[in-house]
Amino acid sequence: MATRADDLGLGKPPMMAAEPYQWPDARGHFGPYGGMFVPETLMHPLTELRQAYERYLGDPDFLRELDADLRDYVGRPSPVYHAERWSRELGGAQLFLKREDLNHTGAHKVNNTIGQALLARRMGKTRIIAETGAGQHGVASATVAARLGLECVVYMGEVDVARQEANVYRMRLLGAEVVAVKSGTRTLKDALNEAMRDWVTNVDNTFYIIGTVAGPHPYPAMVRDFQSVIGREARGQMIEQSGRLPDVVMACVGGGSNAIGLFHPFIGDAEVAMIGVEAAGDGLDTGRHAAPLCAGTPGVLHGNRTYLMEDANGQIQETHSVSAGLDYPGVGPEHAWLKDTGRASYVAVTDDEALAAFHGLTRTEGIIPALETSHALAYAAKLAPTMRKDQSILINLSGRGDKDMQTVARMEGLQL
Amino acid sequence: MSRIQTLFDRLRSEGRTALIPFITAGDPTPELTLELMHRMVAAGADLIELGVPFSDPIADGPVIQRATERALAQGVSLRDVLGIVRRFRETDDQTPVVLMGYLNPIEVMGNVAFAEAASEAGMDGALIVDVPPEESHELVDAIKAQGLDLVYLLAPTSDAARIEAIAEVASGFVYYVSVKGVTGAGHLDVDEVKSKLDAIRARIELPVGVGFGIRDAATAAQVAQVADAVIVGSAIVGRIEALAQEGQAERIPAVIGDFLSELRVAIDQTNDGGQHG
C-alpha cells in the first residue's frame, strides 16, 4: 500500500481544481454515481423531501434556527487541537484533530440529525425513523426526537443490537423504539432496507433520517450540506492557528459522512490533498473487509450508484470490520466520484492497525477515539513520518471511544 | 406482436381480467419453480411474474424477502432464472413470462448481455423495481432492442407528470401498486383504486394490472371489477413458505394450483357479472 507522500500526489494540482465544483446535478448525479434508483413508491416522498430541502436550505429563518441549535445544543464550534506530543513522537508532519468527539452525543452524527429533524418539523412530520449500525446515528436521532417531541423508531440489525447493547439502552432511555432487523445479514444494510420499507408504508407522517451520505437523492447532498459545518469551521481554524491550510485532510470512510463533511469545503483548495480511510478488516486480500472504494466495483444499492462489495452475481456481500460504524458494503456516491476524478485518494487500514492507533492516541494525547476514527488515525500515523515537520495533516476526530470499551476489552481478552 | 400484447388483446375482446401470479425463482428449489409454473398455467394463470432473488429487496415485505433468502441460500443467480424460463418454454410457448427484479444483478451480467440472454431464453418482459424512467437508459435501450416489454410500477402517490413519464417508456402493461407499502402489506380500498385507475387510464393506453394486498378470492374478485389484471404475490409465496417449512414441498404445485383455481373462478364470475369496466 502506498504511504509515501509522492504516491498520494501531495503538492500536485488535482485534475478538477480549475473548475468550480457543483455536484450533484439536478437529479442527484455525481458524474456517473448517485441518482435515484428507487421503486416508484419512493419517488413521491423523495421529491417532497428534495423540495423541502431546497427551500429551507436557502431560508434565513431555518438557517438561524439550525445555527442556534448547533451552537447551544451541540456545542459548536468544535475545537481544532494541535496534537503536539503525538506529532513529535511520529517525527514528521504536524497533526491537527477536529474534535467532533466533543459534540453532544459524542460524534459528528448529531450535526446531520439536528438538521434533518428541524426539516421534518417544518414539513409537519410527527414521526422520525432512522437506521443505525454502531448505534451512534440511532442515538443522535433519538436525542433530537426527544428534544423536539417527535416519535422515533430506530432500525438496527440483530447482530448490531447484540454487540452494541449500551447504545440500544441509550436509545430506549431517550424514548425511541429500537427494532431488531432479522433479515439478510442482520447488519446496517438490512436496517437501511427495513427503514425504507417503513418509510414507504408510513410516508404521510414519517420523516426518514438517513445517517450517512448514501441513499437516493437528495440524501447524499443534504447530509453533506449538514455535515459541511465540520470543514467550514476547520478551514478557518487551521488558518487562524497555523497561518495556512493543511497539506492533507483525512477522515475514516464507512458511508462517508464525516469525511465529506470535512472534505467538501476544501475541494476548491487545490493544494490540500484529501484522503479517505476505509476499513480493511482482516486485510484487503482476505475478502473480510469493508472497503468498497479500495477493493469493490461500481453497482447500484440503496437508491444510488456507487462502489460496492458484491459477488460475481451482483449480490451484496457481507462486510467485516472491528468497527460497526464502518461495516457497510457501499459508500456515498460523492466519494466514488472524488475517487474516479482523482480529487481524493482512498486507502484502507486493518482492524489491528486501527486498534494500535486507538491505543496510541489514548496514551499520547489523553483522547480516547472511536474505533471508526482510529482508522483515520492509523493512516495518519503512517503518512506523517514521510512528510516534513512544517507540513500538516488535519484529521477528523469523528467520535469518541466510550462506546467501544466493551469491544476493545473483549479483543484483549478482558470482560468488563 | 409480443406475447403480452397478444394476451391482453385476447382478454380484452373476451371481457376478461388476467390473473398474474408472482413467485420467486428458486423458492424453495429451481426444480419446483419449473413444475409450479406449468401447474399455475393449468390452474388459470395468464402470465407469470418470476422474481429474481436479490440480497437487498427494498420494495418487498417480509414474505418475499424470506423467499429471496431461501433462493439465494441455494445460490440461484440471474442466469439460473433465465435457465428456468428456457426450460419452461420447451413445453409452453404461449404464456408470457415477466421477470421482476432489481438492477444490480442485471448490471453485473451486462445490460446488452442480459437483454440478449433473456430474449433467447424466451422471456417476454422485465420489471426492474429500482429503475425509474429517469435512470439507466442503456438498459432500457438494450431491452427494447430485443423487442422485450418493459413494465413499470405506478403508486398511489404517482402524480400526473410521473404517470406521463412512465407512459413514455412502458410497454406490455403497467403495474399499479394498490397500497402504500411493500409487497404483502396493507388492505386495499377498491374505490380508491378505481379512481386512481381512471387517472392512469386517462394518460396510459396500456392494460393496468393491480397488485399488493390481494390475498384471497374475495379481494381478487373486487380488483377484477376495475383492473385489467389481478397480480398476486405474497399470498402465494406465503403458502409456499408454510409448506416448505412443514417439509411438504412436494405438495406446493398442487396447493398453489388449487389456490389459483379459486382466484380464477372468482375473477371469471366477476367478469361474467358484467361489472368489468
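Okay, let's start with one pair: the side chain of A:Asp198 makes a polar contact with the side chain of A:Arg127, at 2.7 Å. By polar contact I mean a pair of N or O atoms within 3.5 Å, where within protein one must be able to donate a hydrogen and the other to accept it, and residues adjacent in sequence count only if both atoms are side-chain atoms.

A quick word on what we're looking at. This is a predicted model, where local features need pLDDT of at least 70 and side-chain atom pairs count only at pLDDT 80 or more, while totals for chains, interfaces and linings use all residues. Residues are numbered from 1 along each chain as its sequence is written, chains are lettered from A and ligands numbered from 1 in the order in which they are written, and side-chain values use heavy atoms, with hydrogens and water left out.

Back to our residue. Where does A:Asp198 lie? A:Asp198 is in helix α8 of chain A, residues 188–201; helices here are DSSP runs of H or I with at least four residues, strands are runs of E with at least two, and both are numbered from the N terminus. Is A:Asp198 buried or exposed? A:Asp198 is buried, with a relative accessible area of 6%. Buried means under 20% relative accessible area, exposed means over 50%, and partly exposed is in between (1.4 Å probe, protein chains only). Setting aside neighbours within four places in sequence, A:Asp198 is in contact (heavy atoms within 4.5 Å) with A:Arg127, A:Ile129, A:Tyr155 and A:Thr206.

Now zoom out to chain A. You'll find 16 helices and 14 strands there. The radius of gyration of chain A is 20 Å, close to the 22 Å from the globule rule for 416 residues, so chain A is as compact as a globular protein of that length. That radius is taken over C-alpha atoms, and the rule is 2.2 Å times the number of residues to the power 0.38. Along its principal axes, the C-alpha trace of chain A spans about 55 × 50 × 50 Å. Of its 416 residues, 64% are buried.

And chain B? Chain B has twelve helices and nine strands. Its radius of gyration is 17 Å, close to the 19 Å that the globule rule gives for 277 residues, so chain B, too, is as compact as a globular protein of that length. The C-alpha trace of chain B spans about 45 × 40 × 35 Å along its principal axes, and 61% of the 277 residues count as buried.
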